[in-house]
Amino acid sequence: MRNTLIAVAALAVLGLTGCAKSDDTTTAAGGTPAPAPSATAAAGTLTIKDPWVKASAAGTMTAAFGTLVNDTGADITITGAESPASPLELHEMAMKDGKMVMQPKEGGFVIKSKGTHELSPGGDHLMLMKPKEAIEPGDEITFTLKLADGSTVPFSAIAKPFAGAEESYAPGEHGASGMPMGSMAP
Amino acid sequence: MTTRRHLLAGGAAVAGLGVAAGAAVVATTGRGVAPAPVAEADAVALTTGTATVPFHGPRQAGIAEDPPAHAAFVAFTLPGGTDRRALARMMRLLTDDVARLTRGVPALGDTDATLAVLPARLTVTFGFGPGLYRAAGLKPPIADLPKFRIDRLESRWSGGDLLLQICADDPLTVAHTQRMLIKDTRPFAAVRWVQQGFRRSPGVQAPEHTQRNVLGQMDGTANPRGAEIDPAVWNPDGSTTLVVRRIRAEMETWDILAVADKENAVGRRLESGAPLSGTHERDEPDFAKLDDSGLPAMPDFSHVTRARVTDPKLKILRRPYNYDGAPNAAGHPDSGLIFASYQRSITEQYLPIQQRLAEKDLLNEWITPIGSAVFAVPPGCAEGGWIGEQVLG
């Protein structure tokens, strides 16, 4: 029940970004928004639309969001992600012992052929486990998505101050001391 | 149905914004059959909500366009220690938000995304106060105004390092935009003051109508229009300047005046807006003309006489909004004008006018400046760029 509610809320938050123009899409061709879908996209890979990252203090967990877009004829699996800013994990939100917790996403994120996959507060997201330095609002953070076929998709995301829909990121709960990994295992 | 039939019959089979205009034309020139009022209102409302003003370009939006009905002027104070890099981060973030919101697209991380979909001609115009330049280690191109004899300035309405002028034809759109942009500015700066104002709503009068202020006066008749705007407002690099003054209207004493006295104070007829020397609003004032008693038809002390500018390069573009707060227990209103004027140069254009008005303008008896702020307005930006990149980049 709670799970459904949160999923719906997440859609409401990011669902409308679908109206954004195609030039909001950051492609594998570079870190900055490209003026048009690039040759890389046409060649058949993954793109991420409207990427952003929640600003955070150094050492404090935070997350990156956006809409993954698969315009290819085959499903794409993201198996991991990297960033010079922080160690990263692919996370999902799930109900555990009556509470919403985040946990590593088993098998990675699968984006269906011709489909999209939302990374959103309260839903799947890229978890920055321990940022080396503060991620200040307006910073551009670079990321690399690792795909199951061995290829990679780089993108950059702007950092935004954000306080919504992320109760599990509250300092003190998982704060600077780091997240007890054992408790997060499925 | 009625509206649609009338549109077709009137030959106004046009798309987009033209539909609303067509409906209005039919309403006034109809052939004896009144269109259904409800259907007509629907047609106007639907185009009002979805209309957009392009954000990107060499000049910022929200200046030369006809002013939308609602505005919020939001000024911020930078904390000590703010540097140029922080300012650049702030402006990148805010530019990204505004580029989306003005298209009717939620900002990234917009927690109230459903409120973003009706831009209603939303514009957000950025102004940089003298303090922003100092924080960036730059010489400010603008300076605070000198103190005028008539000023009763309150700090809660004065100054500011950064200004957002948020305008739209819908107050909920303005409210959501203000909320979103304040949230994203908070890490960088504190809210200093917010002034919310209004003009006539869309569809109430023709878009090019002259605004009335809360004193009932036509306000802006002498504004540059069309091609006259360029030499008055824009520097070659696409920059301009903005003066924001909060001017309280002394409604209780204004109410006591007879209409003729009110008209003498401003130099125009209240109803038509015509200069006292003429018959139509757009008639040029004739300062040589004498009235029946042999006195100048345009009184020497009138607002229009004192504010008069003939050189097109020295005119200012007034873009004011009315404000109307809650009355006090005695029923005295808290009303007035958020005076906003755009001009190439505050010292060359605005100051001489304001000095003449401060020296002698009968209208001063019924208006009191209680807030004052000046801002440089940097050029616009292309897609992928950010407002202020020429200054802070």
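Leu172(B) is exposed because 12 other C-beta atoms lie within 10 Å of its own; a residue is exposed at 12 or fewer such atoms, buried at 20 or more and partly exposed in between, with C-beta atoms placed from the backbone. Welcome to this predicted model, in which local features need pLDDT of at least 70, side-chain atom pairs count only at pLDDT 80 or more, and totals for chains, interfaces and linings use all residues. Residues are numbered from 1 along each chain as its sequence is written, while chains are lettered from A and ligands numbered from 1 in the order in which they are written.

**Around Leu172(B)**
- Leu172(B) sits in helix α6 (residues 171-185) of chain B.
- Between Leu172(B) and Ala120(B) there are 9.9 Å in space, C-alpha to C-alpha, and 52 residues in sequence.

**Chain B as a whole**
- Chain B holds twelve helices and eleven strands, which are DSSP runs numbered from the N terminus (helices H or I, at least four residues; strands E, at least two).
- Of its 393 residues, 46% count as buried.

**Helix α4**
- Helix α4 (residues 84-101) of chain B has 18 residues and spans 25 Å from first C-alpha to last, close to the expected 26 Å, a figure found as 1.5 Å times one less than the number of residues.
- α4(B) is mostly covered, with 15 of its 18 residues buried.

**Domains**
- Chain B is assigned domain 1 (2-50) and domain 2 (70-392), with bounds from an automatic or database domain assignment.
- Four residues of domain 1 and seven of domain 2 of chain B take part in their contact, where contact means C-beta atoms, placed from the backbone, within 7 Å.

Technical notes:
Contact = placed C-beta atoms within 7 Å.
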